[in-house]
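Subject: Structure for your review

Dear colleague,

Please find the structure below, handed over for your own work. My findings come after it.

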Amino acid sequence: MHIGEMERNIFEALYDGVLIADKECRVIYINKAYTRITKVNSEDIVGRPLDIVRKGSMLSEVIKSGEKRLAARRKTDNIEYVVNMVPIIENNEIVGGISILNEINDVYKLAEELRKSNNIINELKKRVKNIGNAKYTIEDIISADPKSEHTKELTVKISEMDLNVLITGESGTGKELYAQSIHNESRRKRGPFIPVNCAVLDNNLLESELFGYEEGAFTGAKKGGKRGLFQEANGGTIFLDEISELDYRLQAKLLRVLQERTVRPVGSVVETEVDVRIIAATNKNLEALAAAGEFRQDLYYRLSVAALNIYPLRERRGDIMPLINNFLKEAEDKLKSKVDLSQEAANLLINYEWPGNVRELKNTIEFAAMMVEDGVIRSDGLPKRIQDEGLKKNMIEVRSLKEVVRQAEANEIERALLKYGDTVEGKQKVAKALGISLASLYNKIK
Ligand SMILES: Nc1ncnc2c1ncn2[C@@H]1O[C@H](COP(=O)(O)OP(=O)(O)OP(=O)(O)O)[C@@H](O)[C@H]1O
Ligand SMILES: [Mg+2]
């Protein structure tokens, strides 16, 4: 390959660095700008193999494969630059390759940072959008036990009717999962789903969050006021978790929303109409609280038009194994390696009482999977409380009722004989005290 006078003049005039190699990957030319950027001199590299004089250069790859490489980042001796590399083709044959390089200057660096920041912003935007969305659907609720199948059927029915729902169940049973599923099964599924945990904020803050406020409603109120979550949830569903934590005054305010379908922001005199479905949840016995006067009875009735009770996990043991398998699979995906469960460990998990319900099961599997060394979760890899409960259950020996009765009779006869004496006369008294015949007493002693 030959570089003519005119090409040379053009290359020398360029501000970009140029390196040309022939098809044997030997350097045949570099321009002045190349020397300026990389600090290598023409005499030192022209005529020599690229792989030796420019170690790590990707141009030889390009010449061999015939495939261009654009915007490759390179760094040698603390000088950073971007390189475009293309093969030179004559008559359908690769005759060499050309590298064109640019210093990475401040503008380039800023552009790059801008691109990174934009990526982060886009990611956050996506996440913010998801806050107003319920992500779980009824298909995500793992179940096999007949009790759960029934709960799910009921859920679907309730979802279709646009009623307020009260979900009850112990902590960790999946109330939030059901709440999201109800929203996603309902005609409101394209509307927002706004979850509010009533236990997290104190009641004054909660009031301004839920109902919004007017400008100047209280010290520290934002200029222009603030829309409340009921308004944010307009056309969709609001999920009031831990509803028992509302104080009496807020309960009254919520009751008004249910009756009038309007909200009045703090400090405002105007009522605004809202179209919101309310799903409330609690792990307390709200009915008992209402009976004891700790929760408004009228609100309780309004909220629990449709009631959905999620059973504790120990009352639907048929779900345990499918849940375990699901959480194992999730752990495998996360750890990118296979995780098995020994039969013994499975037995412990199936028989455990699960006071923390599905959440406890999920955490247990996640943790045990993370700690495995040879890919198998064994019983000694489970939390101690689970191992201990298994031991306790194993120690309880279940005897037949016949055996239990026989033992009880023997004890009682022995006590009576001690009292009345082991003589013939004594035995007569024993039989009388035990309410059996003397013959039968002799029989039993035998
Ligand atoms: N049937 C199920 N299938 C799959 N995952 C479930 C199931 N039930 C619960 N989970 C998971 O268990 C965890 C606890 O569920 P969730 O947060 O809905 O419980 P909760 O009843 O709202 O608990 P709390 O009263 O403590 O708020 C979540 O990670 C949830 O995804
Ligand atoms: Mg919850």
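This is a predicted model: local features need pLDDT of at least 70, side-chain atom pairs count only at pLDDT 80 or more; totals for chains, interfaces and linings use all residues.

Residues are numbered from 1 along each chain as its sequence is written, chains are lettered from A and ligands numbered from 1 in the order in which they are written, and side-chain values use heavy atoms, with hydrogens and water left out.

Ligand 1

There are 17 residues around ligand 1, and those that come nearest are Ile142, Ser171, Gly172, Lys175 and Arg359; a residue counts as near if one of its heavy atoms lies within 4 Å of the molecule. Polar contacts are pairs of N or O atoms within 3.5 Å. For Gly172, a backbone N or O atom lies 2.8 Å from an oxygen atom of the ligand. The corresponding distance for a backbone N or O atom of Gly174 is 3.0 Å, and a polar backbone atom of Glu176 is 3.1 Å from an oxygen atom of ligand 1.

Helix packing

Helices are DSSP runs (H or I, at least four residues), numbered from the N terminus. Their axes are lines fitted to C-alpha atoms over the stretch in contact, and angles run from 0 to 180 degrees between N-to-C directions.

Helix α14 (residues 320–335) and helix α16 (residues 357–371) have axes that come within 9 Å and cross at roughly 40 degrees. This angle makes α14 oblique to α16; angles under 35 degrees count as roughly parallel, over 145 as roughly antiparallel, 65 to 115 as roughly perpendicular and the rest as oblique. The crossing is right-handed, meaning that the near helix is turned clockwise from the far one by less than a right angle.

Ile320, Met321 and Ile324 of α14 meet Ala346, Leu349 and Ile350 of α15. The residues of this contact divide into 6 nonpolar, no polar and no charged.

The axes of helix α9 (residues 203–211) and helix α11 (residues 248–260) come within 10 Å and cross at roughly 15 degrees, so the two are roughly parallel. Their crossing is left-handed.

Kind regards

Definitions and conventions
A polar contact is a pair of N or O atoms within 3.5 Å; within protein, one must be able to donate a hydrogen and the other to accept it, and residues adjacent in sequence count only if both atoms are side-chain atoms. Contact means heavy atoms within 4.5 Å. Ala, Val, Leu, Ile, Met, Phe, Trp, Tyr, Cys and Pro count as nonpolar, Asp, Glu, Lys and Arg as charged, and the others, Gly among them, as polar.
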